[in-house]
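Hello,

Below is the structure I said I would pass on. My notes on it follow.

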Amino acid sequence: MRPSLAVQRESEILDAIEACIREVGIGGLTTGLIAEKSGYSRSHIRHYLGNKADQLQALVNLYTERYAGSLEELVLGAPTESQRDLVVRELFGDTWQISRPDDDIVLDHLNAYASTTNPDSPSLAPMYSRIVQLVAHTLEPHMAETTLAVQRAQLVVSLAYGVTSLLRLGIIDRENALQHARALMLLD
């Protein structure tokens, strides 16, 4: 079955929004610029994705499914005994750390925007919370308390986020971070 025209257009417009954010940031994002990048009219953009807040929320939803959703699918579909290792390999492997530098730029802009604007701004907090909960789920069988599993999961996700940011700057060694993550996940 062919995807609907609306889904295809929304995807193309979201691609254009990502490209615009990489070029001019969220502050410079305008419907006119998105229209120019996407090839759709301003009215089409508003019809399919609404105003700027709606557009950013759609982008946050896309990233949430791209990262939290795909990680959940991978890990929860695996045998329990291999889930922790899968989490570490995904969060600290090539998929998240190296292969998506364009996503990293957009994610940085979204995080900065959410922290410096209206508290009702679209935020990646739900995405990161889902990832933390998934990591905690993989740790719970190996820890005495759920609270400890959540705290450890928060550390692992923080380390992964920091590694992603610092790798681009050449400040951190990924292998060293990977070993710390394995220890935090009780694999070493």
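H4 and H8 cross in a left-handed sense. Please keep in mind throughout that this is a predicted model. Helix H4 covers residues 52-76 and helix H8 covers residues 125-139; their axes come within 9 Å and cross at roughly 15°. Angles under 35 degrees count as roughly parallel, so H4 is roughly parallel to H8. On the H4 side the contact is made by Tyr 63, Thr 64, Glu 65, Tyr 67, Ala 68, Gly 69, Leu 71, Glu 72, Val 75 and Leu 76, and on the H8 side by Met 127, Arg 130, Ile 131, Leu 134, His 137 and Thr 138. Sorted by class, the residues of this contact are nine nonpolar, four polar and three charged.

H8 also packs against helix H5, residues 80-92. Here the axes are 8 Å apart and the angle is about 145°. This crossing of H5 and H8 is left-handed as well. From H5, the residues Gln 83, Arg 84, Val 87 and Leu 91 meet Ile 131, Val 135, His 137, Thr 138 and Leu 139 of H8. The contact of H5 with H8 has five nonpolar, three polar and one charged residues.

Another helix pair is H1 (residues 5-24) and H3 (residues 42-49), whose axes are 10 Å apart at an angle of about 110°. Values from 65 to 115 degrees count as roughly perpendicular, and H1 and H3 are therefore roughly perpendicular to each other. H1 passes H3 in a left-handed crossing. H1 contributes Ala 6, Arg 9, Glu 10, Ile 13, Leu 14 and Ile 17 to the contact, while H3 contributes His 44, Ile 45, Tyr 48 and Leu 49. By class, the contact of H1 with H3 has seven nonpolar, one polar and two charged residues.

Next, the chain as a whole. It has ten helices and zero strands, and along the sequence the pattern reads α-α-α-α-α-α-α-α-α-α. The C-alpha atoms fill a box of roughly 55 × 40 × 30 Å along the principal axes. Of the 188 residues in the chain, 39% are buried. Among contacts with a separation of 6 or more, 67% are between residues 24 or more positions apart.

Which residues have the most contacts inside the largest nonpolar core? They are Leu 91 and Val 135, in a core of 54 residues. H4 supplies the largest share of this core, nine residues. Leaving out residues up to four places away in sequence, Val 135 touches Val 87, Leu 91, Ala 153, Val 156, Val 157 and Met 185.

Leu 56 lies in helix H4. Is Leu 56 buried or exposed? Its relative accessibility is 1%, and buried means under 20%, so Leu 56 counts as buried. Leu 56 touches Ile 21, Ile 26, Leu 29, Leu 110, Tyr 113 and Pro 122, again not counting residues up to four places away in sequence. Pro 141 is 85 residues from Leu 56 along the chain, and their C-alpha atoms are separated by 37 Å.

Ala 177 lies in helix H10. With 2% relative accessibility, Ala 177 counts as buried. Not counting residues up to four places away in sequence, Ala 177 touches Phe 92, Leu 159 and Val 163. Ala 177 and Gly 39 are 138 residues apart in sequence, and the distance between them is 42 Å, C-alpha to C-alpha.

Leu 186 lies in the segment after helix H10, which spans 174-184. The phi angle of Leu 186 is near 65°, a positive value in a residue other than glycine. Leu 186 counts as partly exposed because its relative accessibility is 35%.

Regards

Terms used. Residues are numbered from 1 along each chain as its sequence is written. This is a predicted model: local features need pLDDT of at least 70, side-chain atom pairs count only at pLDDT 80 or more; totals for chains, interfaces and linings use all residues. Side-chain values use heavy atoms; hydrogens and water are left out. Axes are lines fitted to C-alpha atoms, for helices over the stretch in contact, and angles run from 0 to 180 degrees between N-to-C directions. Helices (H or I, at least four residues) and strands (E, at least two) are DSSP runs, numbered from the N terminus. Angles under 35 degrees count as roughly parallel, over 145 as roughly antiparallel, 65 to 115 as roughly perpendicular and the rest as oblique. A crossing is left-handed if the near helix is turned anticlockwise from the far one by less than a right angle, and right-handed if clockwise. Contact means heavy atoms within 4.5 Å. Ala, Val, Leu, Ile, Met, Phe, Trp, Tyr, Cys and Pro count as nonpolar, Asp, Glu, Lys and Arg as charged, and the others, Gly among them, as polar. A nonpolar core is a set of buried Ala, Val, Leu, Ile, Met, Phe, Trp, Tyr and Cys residues joined through side-chain atoms within 4.5 Å. Buried means under 20% relative accessible area, exposed over 50%, partly exposed in between (1.4 Å probe, protein chains only).
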